Amino acid sequence: MPPLAKKYVLQMLYIDVPVTAKSLEEWVLADGSSKHKVAIDRLIQLRILEVIDRKKETSYKLNPTFQTNLRKHLIYGGILPREPMPSNVTVRLPTSEELDAYAHEQWECFLLQLISSGQAEKPTNFSSSMMRIFQRGLLCQREKEAPRLTESGFQFLLMDTNAQLWYIIREYISNSEEQGVDQADLIAFLLELSFHTTGEAYNMNTLTDDQRAMIKDLSDLGLVKLQQGRKDSWFIPTKLATNLSVSLTDSSSRKQGFVVVETNFRMYAYSSSKLHCEILRLFSRVEYQLPNLIVGAITKESLYNAFENGIAAEQQNAHPRVAEKLPSVPENVTDQIRLWETDLNRVEMTPAHFYDDFPSRDVFEAASDLARVHCGLLWEDAKKMRMVVKAEIHMLMREQLRGQNK
């Protein structure tokens, strides 16, 4: 919540009657009207404020459940977050740079496995059940074919890391009941974890059995790093874990673009990430890769493959130096990409059935009228008594034709 929103919550905490919008506006100086509006909008978005619309004026009231529980917490106190372990008990903890590198490697390994199970540089510890949960909606698989990314899967790869993280966490929470885990306890633990200190060690003995299982899953994603000492074991939160408490609208958590496209369809990606290279392969022909530069070309064939898998012509991830320019991608390139995309949309495939050899014109006209009434007639040739109808009304057509033949 914004600071002003927190102030409003504390001021309204012991007010049991609705507060008018006009009274709330008087709590802030005249030059703070914009901050006031942002605070009110955020409180409504979080469902902390309930809006009471009346004919004369609008009033606001704190959510009763939130208000009651916050009062209890302030009066009686609550369970404090677990304290970090003393440094004389733990072995050498990873530095901030080492922890960031670990989180980055684990997260990229997971995303690489989404693109292709063979792309990961080393085998991962993801259980098959966990991978099914994470991949739900992101991958599809036809018979005797390797899994492929769905349109949602491509969109997922282009999200900010924070948005990707929350997508996975939501899937994890929604499927937790199948494994017998209480969703409320899971959410409470995730929120507590987000307020731990990055890089500090926390004793595993303080966790319940469900939390232990959960912390192992989170370590596979790079949210925490597990370490074992002589007697105790502990987990160390990474920045991915603390980002759980960061708003999705926070610009500091957004990815910076890294791609530069020239008018000759040449593409330069300033990145040393294997993940970035594999994502670029989805819509371009990668020619060679230097330690910090990927060089490729956008071709008709590479884009056709991308369009078939859900990538849209409007999506881009431009390098900061060219992102400020308008347009950030040369117009001749974007125009050609749109033309290639429309090429694939010229023909629309509709499952259908072809009918001919009608015994009489009356039977043909009755069948034609039936198909037209049900919006299933795609084409007809009245002279030769032939027609094409949608597959969805095929059974209906058969029943009518059988009745007429009798």
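# Exercises on a predicted model

Arg338 and Asp335 form a salt bridge, with their closest N and O atoms 3.5 Å apart. The model is predicted. Work through each task with the structure in view.

## Exercise 1

**Task.** Explain why Arg338 and Asp335 count as a salt bridge, and find where they sit.

**Solution.** 
- Step 1. Recall the cut-off: a side-chain nitrogen of Lys or Arg must be within 4 Å of a carboxyl oxygen of Asp or Glu.
- Step 2. Take the distance. The closest N and O atoms of Arg338 and Asp335 are 3.5 Å apart, so the pair counts as a salt bridge.
- Step 3. Arg338 is partly exposed, at 34% relative accessible area. Asp335 is partly exposed too, at 44%.

## Exercise 2

**Task.** Describe the salt bridge between Asp369 and Arg372.

**Solution.** 
- Step 1. Read the distance. The two side chains meet at 3.4 Å, N to O.
- Step 2. Find the helix. Asp369 and Arg372 lie in helix α16 (residues 361–373). Their spacing is three residues, so they are about one helical turn apart.
- Step 3. Classify each partner. Asp369 has a relative accessible area of 44% and is partly exposed. Arg372 is partly exposed at 41%.

## Exercise 3

**Task.** Arg386 and Asp381 form a salt bridge. Classify each partner as buried, partly exposed or exposed.

**Solution.** 
- Step 1. Note the contact. The side chains meet at 3.4 Å, N to O.
- Step 2. Recall the limits. Buried means under 20% relative accessible area, and exposed means over 50%. Partly exposed lies in between.
- Step 3. Apply them. Arg386 has 26%, so Arg386 is partly exposed. Asp381 has 18%, so Asp381 is buried.
- Step 4. Widen the view. The salt bridges come to 13. Arg266, Arg285 and Glu287 are linked in a network of such bridges.

## Exercise 4

**Solution.** 
- Step 1. Turn to the chain. Buried residues make up 40% of its 406 residues.

## Exercise 5

**Task.** Find the residues of the nonpolar surface patch and of the negative patch.

**Solution.** 
- Step 1. Start with the nonpolar patch. Leu10, Tyr14, Leu74, Ile75 and Tyr76 make a patch of about 630 Å².
- Step 2. Name the main contributor. Helix α4 (residues 64–76) gives the most, with three residues.
- Step 3. Look at Leu10. This residue is in helix α1 (residues 3–12). Leu10 is exposed, with a relative accessible area of 57%.
- Step 4. Move to the negative patch. Glu177, Asp182, Asp185, Asp209 and Asp210 gather there on the surface.
- Step 5. Look at Asp210. This residue is in helix α10 (residues 209–221). Asp210 is partly exposed at 40%.

## Exercise 6

**Solution.**

Technical notes:
Residues numbered from 1 in each chain as written. Predicted model: local features only at pLDDT ≥ 70, side-chain atom pairs only at ≥ 80, totals over all residues. Heavy atoms only, no water. Patch = residues over 30% accessible without salt bridge, like charges linked within 9 Å, V, L, I, M, F, W, Y side chains within 5 Å. Areas by Shrake-Rupley, 256 points an atom, 1.4 Å probe, with all protein chains shown as cover. Lys, Arg positive; Asp, Glu negative; His and termini not counted. Charge placed at Lys NZ, Arg CZ, Asp CG, Glu CD. Helix = DSSP H or I, 4+ residues; strand = E, 2+ residues; numbered from the N terminus. Buried < 20%, exposed > 50% of the residue type's maximum accessible area, 1.4 Å probe, protein only.
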